[in-house]
Amino acid sequence: MSSTSVSGQMTAFAIVAHPDDIEFMMAGTLLLLKDVGVAIHLWNLCNGCYGSVQYGYEEIKRRRWEEAQAAAREIGAEIHPPIADDLTLFYDAPSIARVAAVIRRVKPDIILTQPPQDYMEDHMNACRLAVTGAFAREIPNYGTLPPEPHYKGETVIYHAMPVGLMTGMRQPVEPESFVDIGTTLARKRSMLANHTSQGDWLSESQGMGSYLDQMEDFSRRMGALSGRFEVAEGWQRHLHFGYATEDADPIRDLLGDRVTANPRLR
């Protein structure tokens, strides 16, 4: 049990690469956790500086930080500032130390992050940094940037689904479990709608139409795969060694019958 749990409130920390990644892939689950009293923290490690076909570097950085802050305010979440430009987020010693410092300050019981295999490097590096930063939380001799004291406490890591439900090598990926986001889909869409700069960019660069409709379509696809829910988000738990007890699954414990195991993996 972490120190946040001892104080009476659990904490969930979403750590991803880019502004809007949280809203696309995991905001429905985050909102459900908030509804049951969990404190929510958001962190986009990259500043979104290359996510535009119409704005220059400084302007799009400013816009995307404002959009991310607006989404966080909408749900009463604490947001942490980015640490890298797009495409310069690397799994290196300084980045690990910076991510570990924030994890030590937040002391999350739950970490939501991207999958270890996805279609682009920023996503995968964000995942690796979150995982190693969490592992370092209770290592006394590991120094963070800036220095933060280590702490003893469980944290359970959940990985969202990759784009297209496959790795970069086109290998299919199945979630371990599904979370019913029927009651939070509208709020998830509202959060994503704050990222207005991304409409033209996603259409131009990745062939996506309405980014809001794309998010809903993916949520419905997850719901269909669950065999139970209309709309859902899919999750895989990270192996527990170094993080928590073997059977720790706080999302299941907190959300109850809104969570179901993948019927194809039973």
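Tyr 158 counts as buried, because its relative accessibility is 2% and the cut-off for buried is under 20%. This is a predicted model. Trp 235 is buried too, with a relative accessible area of 0%.

## Aromatic pairs

The structure holds 3 aromatic pairs. One of them joins Phe 13 and Trp 43. Their rings are stacked, 5.9 Å centre to centre, with 5 degrees between the planes. Phe 13 lies in strand 1 and Trp 43 in strand 2, so this pair ties together parts 30 residues apart in sequence. Both residues are buried.

Tyr 158 and Trp 235 form an edge-to-face pair. Here the centres are 6.5 Å apart and the planes make 85 degrees. Tyr 158 sits in strand 5 (residues 156–160) and Trp 235 in strand 7 (residues 232–237).

Strand 1 pairs with strand 2 (residues 39–44) in the parallel sense over 6 bridges. Ala 14 has Leu 42 as its bridge partner there. Strand 1 also pairs with strand 4 (residues 110–113), again parallel, over 4 bridges. In strand 4, Thr 113 is the bridge partner of Ile 15.

## Charges over rings

Arg 128 lies over the face of Tyr 91, at 3.8 Å from the ring centre. Lys 107 lies over the face of Tyr 151, at 5.4 Å from the ring centre.

Terms used
Residues numbered from 1 in each chain as written. Predicted model: local features only at pLDDT ≥ 70, side-chain atom pairs only at ≥ 80, totals over all residues. Heavy atoms only, no water. Pairing = 2+ DSSP bridges. Helix = DSSP H or I, 4+ residues; strand = E, 2+ residues; numbered from the N terminus. Phe/Tyr/Trp six-rings, centres within 6.5 Å; stacked < 30°, edge-to-face > 60°. Buried < 20%, exposed > 50% of the residue type's maximum accessible area, 1.4 Å probe, protein only. Lys NZ or Arg CZ within 6 Å of the ring centre and 35° of its normal.
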